[in-house]
Amino acid sequence: MSERNDDAERPPGVVGVVGAGTMGVGITQCLAEAGYPVVVVDDDPGALAAGPRRLRDALRTRLLAGSGAGRSRPADATGEVVWTDRLADLSGAGFVIECAFERVPVKRAVLAGLDEVCPPPTVFASCTSAIPVTRLASFTGRADRMIGMHFMNPAPLKPTVEVVRAPTTSQPTVDRALALLASLGKSGVVVGDAPGFVSNRVLMLTVNEAARVVEEGTADADAVDQIFRECFGHPMGPLRTADLIGLDTIRDSLLVLLEHTGDDRFTPCRLLDDLVGQGALGRKAGKGFHDHPAPR
């Protein structure tokens, strides 16, 4: 029988987002559309400066498309989003979603810093792609209030979030995470903790093998994606999906999986390493496995 949580339906008040990259801005959009006051923290001046414009553009696009209808606030309302480079500005947040780079030292520093500034009841949710939540929880003094919330990209368009429960995660924390997602019009699928969870344990291998097929000359990227779209019903195919996620994120996730599983299948293939080294990171760079419109 599930433990009762009378606080689960209470709104978290201010929601914090750490990271003003693609995923952080996408999650901020979801929260802003649902009427939450949001504080976004990033120590990268470029990301912090670009964040408000990117959010306004995304909200305007949703408003014009009519896809913001039914939200509790207008889809162009961004007045309650605060952008800052100080973790201390999250001291009033009841729920914080961490979207820092997929590197253990980076996330360790962020979570330890949050632990110092946030009050004891605050829940920490990591949007990690592959790092076990149990390890992330060890960087805090609140393992019971640490959970994984793996939003997919683009976050505003994906109706489902992979919710990762570590052995130390309490039922009230799971309830609060699911209640927050429900208020955003999203559902959560709760899974156990493991490197890569369900989605990226499978997807990263698929992307790496698809890249290896291209590297070996069996097919080009267009042919690989066409086979997955037309034979298996994938909307994009693995390599366009990788470009959307970002090839640097793909590579970082593979390295995390390699570290935590010891399985050599997760070693990034040479082509993926080369593209990342060239700065061909996918859609955000205008080039990856495919060419894309130049980013704004």
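The legends below describe close-up views of a predicted model.

View 1. A search of the whole structure returns 0 disulfides. Cys118 takes part in none, and the nearest cysteine sulfur, that of Cys99, is 14 Å away. Cys118 is buried, with 6% relative accessible area. Cys127 is likewise in no disulfide. For Cys127 the nearest cysteine sulfur is again that of Cys99, at 4.7 Å, and a disulfide would require the two sulfur atoms to be within 2.5 Å. Cys127 is buried, at 9% relative accessibility.

**View 2. Thr140 in the loop between helix H4 and strand E6.** The loop that holds Thr140 runs between H4 (133-137) and E6 (146-150). Thr140 has a relative accessibility of 13%, and because the limit for buried is under 20%, Thr140 counts as buried. Its side chain reaches two backbone atoms: the oxygen of Ala137 at 3.0 Å and the nitrogen of Arg142 at 3.1 Å. With neighbours within four places in sequence left aside, Thr140 is in contact with Leu111, Asp115, Phe124 and Met146.

**View 3. The largest nonpolar core.** This core consists of 45 residues. Leu90, Val96, Leu114 and Phe289 have the most contacts inside it. Elements that contribute two or more residues are strand E2 (38-41) and the helices H3 (104-117), H4, H6 (199-215), H7 (221-232), H8 (238-245), H9 (247-261) and H10 (270-277). H6 supplies the largest share, 6 residues. Another core, of 33 residues, lies apart from this one and includes Ala34, Val40, Ile147 and Val161. In soluble globular proteins, nonpolar side chains tend to be buried together.

**View 4. Surroundings of Val96.** Val96 is among the residues with the most contacts inside the largest nonpolar core. Residues up to four places away in sequence are not counted here; beyond them, Val96 touches Gly16, Val18, Leu90, Leu114, Cys118, Thr122, Val123, Phe124 and Ala125.

**View 5. Crossing of helices H6 and H10.** The axes of H6 and H10 come within 8 Å and cross at roughly 90 degrees. H6 is therefore roughly perpendicular to H10. On the H6 side the contact is made by Asn208, Ala211, Val214 and Glu215. H10 contributes Arg270, Leu271 and Leu272.

Terms used:
Residues numbered from 1 in each chain as written. Predicted model: local features only at pLDDT ≥ 70, side-chain atom pairs only at ≥ 80, totals over all residues. Heavy atoms only, no water. Buried < 20%, exposed > 50% of the residue type's maximum accessible area, 1.4 Å probe, protein only. Helix = DSSP H or I, 4+ residues; strand = E, 2+ residues; numbered from the N terminus. Polar contact = N/O pair within 3.5 Å; in protein donor to acceptor, adjacent residues only side chain to side chain. Contact = heavy atoms within 4.5 Å. Core = buried A, V, L, I, M, F, W, Y, C linked by side-chain atoms within 4.5 Å. Axes fitted to C-alpha atoms, helices over the stretch in contact; angles between N-to-C directions. Parallel < 35°, antiparallel > 145°, perpendicular 65-115°, else oblique.
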